[in-house]
Amino acid sequence: DSIISLFRNAELNEEQHQLVRKKLLNTEVVKEMFACTIKIPNNYLLVDSDDNFLWYQKDLPSGNSNLLVYEVPIGSIENNKGDIESNIIKVRDSVGKNYILGLQNNSYLMTEDSFFPSIKKTKIQHLPAYEIHGTWEMVNDFMSGPFISFVIKDEFYDRYIIFEAFVNNPFKPKRDLLFEMEAIIKTLNFYDNGN
């Protein structure tokens, strides 16, 4: 495991070095809304936004890569209505139902319920976080694919801030696309969180 981790971290570092050499998108809106910065290449476009939600998308020849940023109060995930892992998935599914709509009537994105996602504790910039790997699907449609989420606890702002990446690229490899977005997410920098 440690050897695999070493190779993966080296690959991630190289991906981030390539990323910062690209033309970057103006992400001032992320800083204003979420008190953090992130480096996103300019081939991503902001396709939707709301009070606590941003959706960036990159077009592909046969689909798209998607990057979401949103926040919820800590009490939405840490409460007596279920365990933290289940509550994270409930939050994720409610965001999909409200914002990520499909082309068919009443279709929206949700976590595939056949397999519960892999969830492990981690740290992002010394803040406690959860790293989630799983599969999304469209309710009332035939689309699905992989996703990765980082759910970061930020007590200074009494919130969980969530960075999520998912790929819609039917019948094509998705690993490199998801890895690129993971590298983007890990450029995250909290510039004023009191820590």
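In these exercises, Lys and Arg count as positive and Asp and Glu as negative, while His and the chain ends are not counted. The place of a charge is NZ of Lys, CZ of Arg, CG of Asp or CD of Glu. The structure is a predicted model, in which local features need pLDDT of at least 70, side-chain atom pairs count only at pLDDT 80 or more, and totals for chains, interfaces and linings use all residues. Residues are numbered from 1 along each chain as its sequence is written, and side-chain values use heavy atoms, with hydrogens and water left out.

**Exercise 1.** State how many positive and negative side chains the protein has, and how far apart the centres of the two sets lie.

**Exercise 2.** Describe the secondary structure of the protein and explain why it is as compact as a globular protein of its length.

*Solution.* Step 2: their order along the sequence is α-α-β-β-β-α-α-β-β-β-β-β-α. Step 3: the radius of gyration (over C-alpha atoms) is 16 Å, close to the 16 Å from the globule rule (2.2 Å times the number of residues to the power 0.38) for 195 residues, so the protein is as compact as a globular protein of that length.

**Exercise 3.** Determine whether helix 5 is mostly covered or uncovered.

*Solution.* Step 1: buried means under 20% relative accessible area, exposed over 50%, and partly exposed in between (1.4 Å probe, protein chains only). Step 2: helix 5 spans residues 175-185, and nine of its 11 residues are buried, so described as mostly covered by this definition. Step 3: the buried residues include Leu177, Phe179 and Ile184. Step 4: in the protein, 48% of the 195 residues are buried.

Notes: Helices (H or I, at least four residues) and strands (E, at least two) are DSSP runs, numbered from the N terminus.
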